[in-house]
Amino acid sequence: MAQQQARGAFIVFEGADRAGKSTQCQMLVEHLQAQGVAAELWRFPDRTTPIGKMINSYLTSQSDIDDAAVHLLFSANRWEKREELLRKLHEGTTLVVDRYAYSGVAFTAAKGLPGLDRAWCMAPDAGLPAPDAVFFLCLTVEQAAARGGYGEERYEKDEFQRKVLDQFHAMRGSSWRVVDASQSIDAIQQQLREQAAAVVARCQRGTSPVGKLWE
Ligand code: Z5A
Ligand code: MG
């Protein structure tokens, strides 16, 4: 029988624009660290790598990239971090990750382009480490709009965001924990801390190896 090994947990945040992902990720990492849990905050796209810089230039409309090609760049940006991600988990560090492959699939599939359906969008991420839990912060486009206007980036339009949300909901699986993101920041954080504690404890017991997308 394979030896059981304690490891860090892989927790992904997904959700609507302005649902509070970055706010909650930051708070959760600080909380875990204060509890003595080794934890790091990651985000995708990781705009610091050469691939990430191309993505940043696309998102800020400084460059135009073919839709299929940019989809593959977002995926490559995750693949280039795969080894480091697995190493950290096996060293015992919990990773709280702001967006992952689900955003990749949702944003490209929402474009509704011929040939770029959900199955095509999922293919390049197949085999990447699968998160132990996906915390999905659920907020309608109308509720998000009440939090102020969109920024300047590509994709920040109501109609498109609705399609993105539909794509996210179609991907909900057993590892997803859906949280009502219209609550107060503190109320949401409290629920996330409870959920995260259970996931961290499970991974520390060493009974669950890191899975693979989309198995
Ligand atoms: N993208 C892609 O196409 N393919 C991929 O593979 C990946 C990503 C990984 C990256 O944006 C873009 O890339 C994104 C998807 C695409 N495009 N879009 N749109 P990003 O992740 O860098 O986006 P962001 O700038 O961080 O925005 P965000 O993620 O949409 O926001 P958020 O992180 O969810 O929310 P926040 O920054 O924490 O909070 C937003 C505001 O709401 C802020 O003023 C908060 O103070 C406020 N807030 C937060 N929580 C609350 C509550 N509970 N109540 C009231 N107000 C709140
Ligand atoms: Mg964010």
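A: A residue is buried if 20 or more other C-beta atoms lie within 10 Å of its own, exposed if 12 or fewer, and partly exposed in between. The model here is predicted.

Q: Is Arg18 buried or exposed, and how many C-beta atoms lie within 10 Å?
A: The general idea is to count and then compare with the cut-off of 20 or more. Arg18 has 23 other C-beta atoms within 10 Å, so Arg18 is buried. This residue is found in the loop between β1 and α1. The backbone at Arg18 has a positive phi of about 65°, although Arg18 is not a glycine.

Q: Where does Arg99 lie, and what is its phi?
A: Arg99 lies in the loop between β3 and α5. Its phi is positive, about 75°, and Arg99 is not a glycine either. Arg99 has 22 C-beta neighbours inside 10 Å and therefore counts as buried.

Q: Why does Ala145 count as partly exposed?
A: A count between the two cut-offs gives the middle class. Ala145 has 15 other C-beta atoms within 10 Å, so it is partly exposed. Ala145 is found in helix α7, residues 141-145.

Q: What is the span of α9 from its first C-alpha to its last?
A: A helix has an expected span, at 1.5 Å a residue, to set beside the span in the model. α9 has 20 residues and reaches 28 Å, close to the 28 Å expected.

Q: Which residues of α9 are buried, and where do they sit around the axis?
A: The buried residues are Ile188, Leu192, Ala196, Val199, Val200 and Cys203. They are on the same side of α9 because they cover an arc of only 100° around the axis. The face turned away from that buried side carries the exposed residues Asp186, Ala187, Glu194, Ala198 and Ala201.

Q: What covers the buried residues of α9?
A: The cover includes the strands β1 (10-15), β3 (94-98), β5 (133-138) and β6 (176-180), along with the helix α1.

Q: What happens just after α9?
A: Gly206 follows there, with a positive phi of about 75°.

Q: How many residues surround ligand 1, and which are the closest?
A: A ligand can be described by the shell of residues around it. For ligand 1, 22 residues form that shell, and the closest are Gly20, Ser22, Thr23, Gly104 and Phe107. Helices α1 (21-34), α5 (101-109) and α9 (185-204) each supply at least two residues of the shell. By class, the shell has nine nonpolar, six polar and seven charged residues.

Q: Where are cis peptide bonds found?
A: The angle to read is omega. A cis peptide bond joins Phe44 and Pro45, with omega about 0°. Pro45 lies in the loop between β2 (39-43) and α2 (50-59). A cis peptide bond also joins Leu213 and Trp214, where omega is about -5°. Trp214 lies in the segment after β7 (211-212).

Q: What does UniProt place at residues 13-191?
A: An annotation comes from a record and can be set beside the model. The unreviewed UniProt entry places the feature "domain: Thymidylate kinase-like" at residues 13-191. In the model, this span is 48% helix and 15% strand, and its end C-alpha atoms lie 14 Å apart.

Definitions and conventions. Residues are numbered from 1 along each chain as its sequence is written. Chains are lettered from A and ligands numbered from 1 in the order in which they are written. This is a predicted model: local features need pLDDT of at least 70, side-chain atom pairs count only at pLDDT 80 or more; totals for chains, interfaces and linings use all residues. A residue is near a molecule or strand if its C-beta atom, placed from the backbone, lies within 6 Å of it. Helices (H or I, at least four residues) and strands (E, at least two) are DSSP runs, numbered from the N terminus. Ala, Val, Leu, Ile, Met, Phe, Trp, Tyr, Cys and Pro count as nonpolar, Asp, Glu, Lys and Arg as charged, and the others, Gly among them, as polar. The expected span of a helix is 1.5 Å times one less than its number of residues. The arc is that of the directions from the helix axis to the C-beta atoms. Two residues are in contact if their C-beta atoms, placed from the backbone, lie within 7 Å. UniProt positions are given in the numbering used here, feature names are shortened, and annotations may be inferred rather than shown by experiment.
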